Amino acid sequence: MQSSHTPLSTWFWGAYLMTTQVPGQSAVQFQRQLALSRYETAFQILHKLRAGMVRPERDAIGGEYPVEVDECMVGGETRGEGRGTHHKSVVVGAVEVRSRQNDGKKHRRHVYAGRLRLRIVPDRSADALTGFVKDNVARGSTLRTDGWTGYPGLPEIGYRHEALTLGGDPDKAEAHLPMIHLVFSNLKTWIKGTHHSRIEPKHLQAYLNEYVFRFNRRFYPMTAFHSVLGIAARSVPPTYAQLYSGEWGHAA
């Protein structure tokens with residue numbers, strides 16, 4: 001916000017809209033709602049706010065909670081390159097599986113998704129996948145994965161590993177990895193609905209960061225508003241030139 005020509009009130013309204021509206025904001029919607037004269041201004045404000053959505057000292061997830069880990073392909077339509085999808089990226093995710101007592105039902109517990117982490121990785125190799133796990137999941141946690149060859153080394157680095165070969169069976173997938181598959185489904189729906197699948201690969205991590213931020217604070221929208229302002233005040237945001245050149249490396 002420092003040295004910005006945009007009024008401070010616009011920054012506050014922008015942060016409020018971005019964090020409290022359930023589907024989020026595309027740059028076009030943002031420009032219209034804040035009455036900004038240029039699309040580029042809306043785009044830059046949104047990305048500067050996204051830069052404040054990753055807390056540098058955030059804790060590792062897991063610990064007492066099991067964690068589901070899996071990968072998916074994320075990509076969308078691109079202009080001028082024909083029909084279909086292009087430039088798909090490999091996204092790996094990890095989500096806690098939590099439970100609580102159902103109100104009024106003594107012997108039934110409600111299972112729900114806890115904290116989430118998402119990252120673009122170059123491939124599905126063991127180095128990329130275990131590197132993501134080590135950076136984001138507390139040692140000693142129970143990890144649930146499919147039978148992919150990128151995961152067998154997890155017990156050697158301090159994790160309890162529950163792997164199951166799914167073989168394309170949707171019933172097995174639903175039973176073993178229900179939470180992370182639901183996360184991926186909702187992520188793709190959000191990208192397609194709010195951003196119309198037009199996210200450049202060089203900016204995808206920023207959108208993943210926004211999704212994680214919103215997901216982890218979905219029960220407390222006003223906490224999300226205060227959090228993004230607090231983190232943004234301590235973060236170095238990208239410049240316009242860095243964003244458009246691809247020079248800026250989004251935190252992961």
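Select H8 to begin: its 13 residues should span 18 Å at 1.5 Å a residue, and the end C-alpha atoms are 19 Å apart, which agrees. The expected span of a helix is 1.5 Å times one less than its number of residues. Helices (H or I, at least four residues) and strands (E, at least two) are DSSP runs, numbered from the N terminus.

This is a predicted model, in which local features need pLDDT of at least 70 and side-chain atom pairs count only at pLDDT 80 or more, while totals for chains, interfaces and linings use all residues. Residues are numbered from 1 along each chain as its sequence is written, and side-chain values use heavy atoms, with hydrogens and water left out.

**Stop 1: the buried residues of H8**

Within H8, colour Ala224, Phe225, Ser227, Val228, Leu229 and Ile231, which are buried. Buried means under 20% relative accessible area, exposed over 50%, and partly exposed in between (1.4 Å probe, protein chains only).

**Stop 2**

Select Phe213, which is found in helix H7. Phe213 has a relative accessible area of 1% and is buried. What does Phe213 contact, leaving aside its neighbours within four places in sequence? Thr19, Met53, Ala224, Ser227 and Val228 are in contact with Phe213, where contact means heavy atoms within 4.5 Å. Draw a distance from Phe213 to Leu116: these residues are 97 residues apart along the chain, and their C-alpha atoms are separated by 8.6 Å.

Move to Val212, also placed in helix H7. Val212 is buried, with a relative accessible area of 6%. Not counting residues up to four places away in sequence, Val212 touches Leu116, Arg117 and Leu118. Val212 and Met53 are 159 residues apart in sequence, and 8.6 Å separates them in space, C-alpha to C-alpha.

Next pick Asn209 in helix H7. At 7% relative accessibility, Asn209 counts as buried. With neighbours within four places in sequence left aside, Asn209 is in contact with Met53, Val54, Ala251 and Ala252. For a distance from Asn209, take Leu143: the two are 66 residues apart along the chain, with 22 Å between their C-alpha atoms.

**Stop 3: Asn136 in H4**

Select Asn136, found in helix H4 (residues 126–136). Asn136 counts as buried at 4% relative accessibility. Apart from neighbours within four places in sequence, the residues in contact with Asn136 are Arg58, Ala60, Ile61, Arg117 and Arg119. From Asn136 to Leu116 the C-alpha to C-alpha distance is 9.4 Å, and the two are 20 residues apart in sequence.

**Stop 4: helix H6**

Show H6 by itself. At 1.5 Å a residue its 18 residues should span 26 Å, and its end C-alpha atoms are 25 Å apart, which agrees. Which residues of H6 are buried? They are Met179, Ile180, Val183, Phe184, Leu187, Trp190, Ile191, Thr194 and His195. Look down the axis of H6: its buried residues fall within an arc of 135°, so they line one face of the helix. The arc is that of the directions from the helix axis to the C-beta atoms. On the other side of H6, Thr189, Lys192 and Gly193 are exposed.

**Stop 5: two positive phi values**

Most residues other than glycine have a negative phi. Select His196, which follows H6 and has a positive phi, near 55°. Then go to Ala35, in the loop between helix H2 (27–33) and H3. The phi of Ala35 is positive too, near 55°. At 68% relative accessibility, Ala35 counts as exposed.

**Stop 6: the second largest pocket**

The last stop is the second largest pocket, with a volume of about 360 Å³. To find its centre, select Gln21, Val22, Arg214, Phe215 and Arg218, the closest to that centre of the 15 lining residues. Helix H1 (8–20), helix H6 (178–195), helix H7 (204–216) and helix H8 (221–233) are the elements that give two or more residues to the lining.

On a 1 Å grid over the protein atoms alone, a pocket is an open set of points where a 1.4 Å probe fits, with protein on both sides within 12 Å along at least five of seven lines; lining residues have an atom within 4 Å of a point. Grid points are joined across faces, edges and corners, and a volume is the space filled by probe spheres set on the points.
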